[in-house]
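Student: Hi! I have a new structure open and would like to talk it through. Can we look at it together?
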Amino acid sequence: KLMEERAGLEDLLDSELFGHEAGAFTGAKQRRPGRFERADGGTLFLDEIGDMELQLQAKILRALQSNDFYRVGGKKSVETDVRIIAATNQNLEELMKQKRFRDDLFHRLNVIQINMPPLRDRVEDITLLANHFLRNHATGLSQGEVYLAPETEHIFNSYSWRGNIRELENVI
């Protein structure tokens, strides 16, 4: 059952990234361009690339190497020129050793690597980020400037934030 669910998610991600042709699967009533096609001439951000299945990694690698791809259910290649920014919270070198991430895709993507330390190691950023999220989410809800109380700052700065910035924003 779990394998079927993962396969379904992978198919959905394939369609999201590369689009699909009408009739490619149940519910595909018309052609739909994917993210690669819509990002042509620009940049595409792939979040949590370490979680992708090998088959989809291969399709991404092919699109990057040949500057073309096939939509799901397509017989004609679609040309594209896309820059990729990829992110993951996983250790891709370890995934490559486990044969769960393609070496060739890693080397294709690993042009510039930025290692971002976890939020708990950047305590000086917590208040700044929290106030930013607070202002963004409070827009239209109050009048005047909103900010964290000093007591709240202290609590936030002493918390470990295992979910990093996403957890912080969710708490706000």
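Predicted model: local features only at pLDDT ≥ 70, side-chain atom pairs only at ≥ 80, totals over all residues.

Student: Got it. Where is Asn67?

Tutor: Asn67 sits in the loop between α3 (54–66) and β2 (68–70). Helices (H or I, at least four residues) and strands (E, at least two) are DSSP runs, numbered from the N terminus.

Student: What about the phi of Asn67?

Tutor: Asn67 has a positive phi of about 60°, although it is not a glycine. Most residues other than glycine have a negative phi.

Student: And what is phi like at Lys99?

Tutor: Lys99 is a residue other than glycine, and its phi is positive too, near 60°. You will find Lys99 in the loop between α4 (92–97) and α5. With a relative accessible area of 63%, Lys99 is exposed.

Student: Let's zoom out. How many helices and strands are there in the protein chain?

Tutor: The protein chain has eight helices and four strands. Along the sequence they follow the pattern α-α-β-α-β-β-β-α-α-α-α-α. The radius of gyration, taken over C-alpha atoms, is 20 Å, well over the 16 Å that the globule rule gives for 172 residues, so the chain is more spread out than a compact globule. That rule is 2.2 Å times the number of residues to the power 0.38.

Student: What does the C-alpha trace span along its principal axes?

Tutor: The C-alpha trace spans about 60 × 40 × 40 Å. As for burial, buried residues make up 31% of the 172 residues in the chain.

Student: And how much do the contacts join residues at least 24 apart?

Tutor: Of the contacts between residues at least 6 apart in sequence, 62% join residues at least 24 apart. Contact means heavy atoms within 4.5 Å.

Student: Helices next! How do α6 and α7 cross?

Tutor: Two packed helices are described by the angle between their axes and the distance between the axes. The axes of α6 (residues 123–138) and α7 (residues 150–158) come within 9 Å and cross at roughly 130°. That makes α6 oblique to α7. Angles under 35 degrees count as roughly parallel, over 145 as roughly antiparallel, 65 to 115 as roughly perpendicular and the rest as oblique. The axes are lines fitted to C-alpha atoms, for helices over the stretch in contact, and angles run from 0 to 180 degrees between N-to-C directions.

Student: Which residues of α6 and α7 meet?

Tutor: From α6, Val123, Ile126, Thr127 and Ala130 meet Glu153, Phe156 and Asn157 of α7. The residues of this contact divide into four nonpolar, two polar and one charged. Here Ala, Val, Leu, Ile, Met, Phe, Trp, Tyr, Cys and Pro count as nonpolar, Asp, Glu, Lys and Arg as charged, and the others, Gly among them, as polar.

Student: How does α6 pack with α8?

Tutor: α6 and α8 (residues 164–171) pack at an angle of about 45°, with their axes 9 Å apart. That makes α6 oblique to α8. The contact is made by Ile126, Leu129, Ala130, Phe133 and His137 of α6 and Ile165, Leu168 and Glu169 of α8. These residues divide into six nonpolar, one polar and one charged.

Student: One more spot: is Arg122 buried or exposed?

Tutor: Arg122 is buried, with a relative accessible area of 11%. Arg122 lies in the loop between α5 (103–109) and α6. Leaving aside neighbours within four places in sequence, Arg122 is in contact with Met116, Pro117 and Ile165.

Student: And Met116, buried or exposed?

Tutor: Met116 counts as exposed, at 58% relative accessibility. Met116 is also in the loop between α5 and α6.

Methods:
Residues numbered from 1 in each chain as written. Heavy atoms only, no water. Buried < 20%, exposed > 50% of the residue type's maximum accessible area, 1.4 Å probe, protein only.
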